[in-house]
Amino acid sequence: MSNPNNSIKVFEYDSLQYGKEYAGLLFKESHFNSLVKLNELNQNKYFNVGFKKITFKQFVGVIQVDNLIIEILPKIDRFESDSQENKTKWQKVLIKMLRVTKKLKIQQVGLANVTKQSIHLLDIYFEWYLNEVQLLIHQGLIKQYYKETGNVKALKGKLEFAGHIQKNLVHKERFYTTHQVYDKDHLIHQVLGQALEIIATLSKGNYLYSKCKTVQLDFPEVKTIKANENTLSKIPKSRKTAPYEQALAIARLIILNYAPNVSSGSEKMLALLFDMNILWEEYVLARIRQTVADKKDYTIYRQNSKDFWNGITIRPDIVIEKKVDEENQDILIIDTKWKNIDNSKPSTHDLRQMYVYNEYWKSTRSLLLYPSKNSNINDFKSFVQIKEDPNHQCCLGRISIFNNDGELDESIGKHLVDLL
């Protein structure tokens, strides 16, 4: 298994200062410089940079710089314990949220290793990808037509006169042509091959390295490319390429987040980071959809936009509609917030927003939903209005994300649907 001693685990909004040790690992100036460069390339959205230190924001996930792995974990309490046990608990929370929102698929092997605290988030993504490529190899890799320009011994395709004269003045037996080739060395396999090479580079020294090399041996020889966003957008989609969708999605994630030249040194970096505000919203939505999957009288919307003013639109995070009869329905508006509001009040801005949502979606109730250690999602209070409408209400909802066993509560969706 990957060595757990090459990992620093931190919570969102924690800081790392170069020259200091964390869990017995030195956070070096080269690591700091690499993270600063990564941050600059992403509009400074991941961290706040101070004197010799970086402070993480709301992005969680994993970063590998050279041989150092930094896991950034979510939290709902600013006074979260720094104990290994607590960090392992939140690592499991993050992995499960990614799985429920379909950003991650954990094989049984991966689950077992997580339980043993001997695997990192990158390991899980890498193993998932290797398993997907192995499955494609087992099913049979497809061939595709593509155009190739070069010398051939028999005239086929289109003769490129200028190139032919330049390259074959002596070799009269050759033809410089552009012709079609039908084999496995095409863009899809070149992209998959690039992701395999990145995994081989970053997994040296752990158990996945040998597995990656085995997959590479079974994979056909293809041209080495450096794919970017533009390259990946050119990948064709068809019924024939449908089995590749999952592998290509992971390859895309790996390739676009790999930054081999992010610093002037030799460090190689891969950063898989997720905005916790968005992940929390998607997790709540997924749990709601699971709850009403077999109920035809429910309709769930996410980010449903309506025109507001002069081209500006408004959109709540989640809208739940329950059909009452042919003409009427109950509607609940939910806006999720990933922060512990404790005993404080919501902002005036948020409340104004919920009031407008009620008006535009013809809802009687809206819910500002926060994660908490204790649940309270039934305390709806009416807005004070000029026109009498006691049913125009909003709730400052706190919901526990853990069940009585300390595991991530799978019934969050049911608690919310029950409000209707």
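The questions that follow concern a predicted model, and each answer sets a value beside its definition.

Q: Why are helix 2 and helix 10 called oblique to each other?
A: Helix 2, residues 84–100, and helix 10, residues 276–291, pack at an angle of about 60°, with their axes 9 Å apart. Roughly parallel would need an angle under 35 degrees, roughly perpendicular one of 65 to 115, and roughly antiparallel one over 145, while the rest count as oblique. The two helices are therefore oblique to each other, and helix 2 passes helix 10 in a left-handed crossing.

Q: Which residues make the contact of helix 2 with helix 10, and how many of them are nonpolar?
A: From helix 2 come Leu 94, Lys 96, Met 97, Leu 98 and Val 100, and from helix 10 come Met 276, Leu 279, Trp 280, Tyr 283, Ala 286, Arg 287 and Gln 290. Sorted by class, the contact has nine nonpolar, one polar and two charged residues.

Q: What makes helix 6 and helix 7 roughly antiparallel?
A: The axes of helix 6, residues 187–202, and helix 7, residues 207–218, come within 9 Å and cross at roughly 150°. Angles over 145 degrees count as roughly antiparallel, and this pair is therefore given that name. The crossing is left-handed. In the contact, Leu 196, Glu 197, Ile 199 and Ala 200 of helix 6 meet Tyr 209, Cys 212, Lys 213, Val 215 and Gln 216 of helix 7, which by class gives six nonpolar, one polar and two charged residues.

Q: How do you know whether Glu 132 is buried or exposed?
A: The relative accessible area of Glu 132 is 11%, and buried means under 20%, so Glu 132 is buried. Glu 132 is found in helix 4, residues 121–139, and, leaving aside neighbours within four places in sequence, is in contact with Lys 105, Gln 246, Ala 247 and Ile 250.

Q: How do you know whether Gly 19 is buried or exposed?
A: Gly 19 has a relative accessible area of 58%, and exposed means over 50%, so Gly 19 is exposed. Gly 19 lies in the loop between strand 2 and strand 3, and touches Leu 26 and Phe 27 when residues up to four places away in sequence are not counted.

Q: Why do strand 2 and strand 5 stand at the edges of their sheet?
A: This is an open sheet of three strands in the order 2-6-5, with antiparallel pairing. Strand 2 (15–17) and strand 5 (47–50) each have a single partner strand, so one side of each is left without a neighbour in the sheet. Direction ignored, neighbouring strands here are turned by 20° against each other on average.

Q: What makes strand 6 a partner of strand 2 and of strand 5?
A: Two strands pair if there are at least two bridges between them. Strand 2 and strand 6, residues 53–56, have three bridges in the antiparallel sense, with Gln 17 standing opposite Lys 53. Strand 5 and strand 6 also run antiparallel and are joined by four bridges, where Phe 47 has Phe 56 as its bridge partner. Both pairs therefore meet the requirement of at least two bridges. In the hairpin of strand 5 and strand 6, which has two residues between the strands, Lys 52 takes a positive phi near 65°.

Terms used. Residues are numbered from 1 along each chain as its sequence is written. This is a predicted model: local features need pLDDT of at least 70, side-chain atom pairs count only at pLDDT 80 or more; totals for chains, interfaces and linings use all residues. Side-chain values use heavy atoms; hydrogens and water are left out. Axes are lines fitted to C-alpha atoms, for helices over the stretch in contact, and angles run from 0 to 180 degrees between N-to-C directions. A crossing is left-handed if the near helix is turned anticlockwise from the far one by less than a right angle, and right-handed if clockwise. Contact means heavy atoms within 4.5 Å. Ala, Val, Leu, Ile, Met, Phe, Trp, Tyr, Cys and Pro count as nonpolar, Asp, Glu, Lys and Arg as charged, and the others, Gly among them, as polar. Buried means under 20% relative accessible area, exposed over 50%, partly exposed in between (1.4 Å probe, protein chains only).
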